[in-house]
Amino acid sequence: VMEDSEPLSATRSEERRLNGHCRWSAHTLESKVVEDFRRRLKYFFMNPCEKYRARGRKPWKLMLQILKIAIITVQLVSFGLSNEMMVTFKDENLMTFKHLFLKGYKDHQLGSYALYTKADVYDHIYYIINRYINLPNLTVGNLAYERVDGKYTPLSVCQEFYRNSSINPENETFDIDPHIDKDCISIYPMQSFSNSSVATHVNFSLDFKRLLSVNIHLTLKTINLQTVRHHELPDCYDFHIMIMFDNRAHSGKIKVDVENYVRIYECSDWNVEGTSDKNDYLLLSFDSVVILACFTSLILCMRSVINGIQLQFEFNIFFHIYYNKTVTWSDRMEFVNSWYILIIVSDTLTIAGSVFKIGIQTKYLTNYDVCSILLGTATMLVWVGVIRYLGFFKKYNILILTLRAAFPNVIRFCCCAAMIYFGYCFCGWIVLGPYHDKFRTLDKVTECLFSLINGDDMYATFLQMRDKSYMVWLFSRLYLYSFISLFIYMVLSLFIALITDTYETIKV
């Protein structure tokens with residue numbers, strides 16, 4: 001029996017040894033998997049300098065971002081100078097048109113340009129017609145008439161008026177047809193007659209009781225030569241000018257204004273002595289380098305974001321398998337680097353703005369405003385992104401940490417303060433709007449109240465309400481004093497205290 005039991009005990013001992021070895025191997029394998037994943041997570045959240053020290057990986061994205069800051073800033077400055085010349089040229093020509101066509105117009109004129117008598121209205125319309133006809137002998141600029149198919153484009157005078165009306169304020173009666181009719185006459189620039197005889201040659205009369213507006217349309221052409229000094233090819237401009245006589249209020253005051261729509265395009269035939277296309281090619285090459293750098297940065301950052309999202313899913317599965325826990329969304333969002341999202345947006349805007357800039361330089365596009373918005377926003381985001389790299393140093397990281405910690409409380413506080421702010425906006429617009437220029441429209445009210453919060457232009461805002469009715473004057477005082485006291489002494493102080501407390505907590 002003992003002989004039979006000895007092999008059996010030996011077999012059981014071997015089984016226990018093998019089972020213990022398997023359990024030890026499984027435990028070792030599990031520990032190795034956990035350690036490997038922990039190492040992956042640690043490496044993922046390292047900054048570029050730490051990754052370089054850990055594995056010798058060169059910080060290509062960091063070097064590329066530094067290069068981008070330099071070239072995008074240079075590109076923005078180059079485009080800004082060109083855009084400034086274009087805007088200045090448009091503004092100066094608009095001022096020129098006001099001086100040429102508005103009788104007695106003065107710079108920095110107080111209030112709106114307006115007319116009050118019938119004789120003045122006729123006189124100003126005939127004055128505009130006469131100045132247009134004699135424009136080549138008057139202007140000091142390079143202005144010319146527009147030609148279409150070999151024919152000059154005429155000046156058109158169009159009046160809009162109610163179809164039929166009978167208005168008698170004396171008897172307090174009126175009968176009006178609200179449908180609007182339009183009547184136009186055309187005057188070609190080659191017609192010649194003196195200012196005194198314009199009225200006899202132009203068959204034009206106005207019924208002021210029915211009149212809504214008189215709009216005078218004319219088109220002039222010119223060339224922006226100032227760009228030659230900056231080694232840029234001059235552009236040709238079409239100025240579509242509209243002079244409006246606004247009588248829609250029928251208050252006895254006809255407001256006069258000038259609007260100017262500009263079309264910019266490449267001149268059909270040009271020659272600049274002593275220049276070549278070398279500068280244009282250099283600018284196009286530089287813009288191409290900017291696009292290539294931003295596209296490379298875009299690809300690298302998108303790859304990093306995708307890797308972060310994949311690691312986040314793996315982390316969620318890992319926690320569920322090994323610890324039987326679910327990772328919260330706030331923890332999962334830590335894998336999505338918001339700085340990379342910022343860089344992706346910046347690169348996209350820069351690429352789009354550079355394409356617009358190339359189109360403007362080659363005269364295929366004239367969207368200066370769109371291009372400036374794209375490039376300006378992109379440059380702002382690029383410089384804001386520098387804060388991320390300063391955050392690698394503890395002493396420079398205080399701003400990011402403070403903003404991140406205070407952001408949720410700041411948003412909640414601003415939502416509450418906005419309710420009070422918009423209540424004051426609507427109240428000021430309804431009550432003070434008819435009596436105060438700064439409260440005439442909702443957007444003006446918001447701008448005025450925001451200026452008051454920052455202590456700007458307080459006395460002027462109070463002063464403009466002095467000559468109004470006593471009830472409105474009293475209400476304006478209660479309204480302004482309560483708003484200033486509430487927002488400057490309470491809301492603004494609480495807002496600053498909210499951020500200060502967060503800063504003190506982080507600093508400790």
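Predicted model: local features only at pLDDT ≥ 70, side-chain atom pairs only at ≥ 80, totals over all residues.
## A guided tour of salt bridges and a helix pair

Begin by selecting Asp-238, which at a relative accessible area of 2% is buried.

Displaying the secondary structure places Asp-238 in strand β8 (residues 235-246) and Arg-263 in strand β9 (residues 254-265), so the pair ties together parts that are 25 residues apart in sequence. Is Arg-263 buried, exposed or partly exposed? Its relative accessibility is 38%, and Arg-263 therefore counts as partly exposed. Asp-238, by contrast, falls under the 20% limit for a buried residue.

Now extend the selection to Lys-221. Together with Asp-238 and Arg-263, Lys-221 belongs to a network of salt bridges.

Move along to Asp-246 and Arg-248. These residues also form a salt bridge, and their closest N and O atoms lie 2.9 Å apart. Colouring by accessibility separates the two partners: Asp-246 counts as buried, at 19% relative accessibility, whereas Arg-248 is exposed, with a relative accessible area of 60%. The value for Asp-246 is under the 20% cut-off, so the residue is classed as buried.

The next stop is Lys-103 with Asp-123. Which kind of contact do their side chains make? They meet in a salt bridge, at 2.5 Å from N to O. Asp-123 is part of helix α4 (residues 118-133), while Lys-103 sits in the loop between α3 (60-101) and β1 (114-115); the pair thus ties together parts that are 20 residues apart in sequence. Asp-123 counts as partly exposed, at 26% relative accessibility, and Lys-103 counts as partly exposed at 34%. In the structure as a whole, the count of salt bridges comes to nine.

Finally, hide the side chains and select residues 398-432, helix α12, together with residues 470-507, helix α15. How do these helices pack? Their axes are 9 Å apart and the angle is about 175°. Angles over 145 degrees count as roughly antiparallel, and α12 and α15 are therefore roughly antiparallel to each other.

How values were computed:
Residues numbered from 1 in each chain as written. Heavy atoms only, no water. Axes fitted to C-alpha atoms, helices over the stretch in contact; angles between N-to-C directions. Helix = DSSP H or I, 4+ residues; strand = E, 2+ residues; numbered from the N terminus. Parallel < 35°, antiparallel > 145°, perpendicular 65-115°, else oblique. Salt bridge = Lys/Arg side-chain N within 4 Å of Asp/Glu carboxyl O. Buried < 20%, exposed > 50% of the residue type's maximum accessible area, 1.4 Å probe, protein only.
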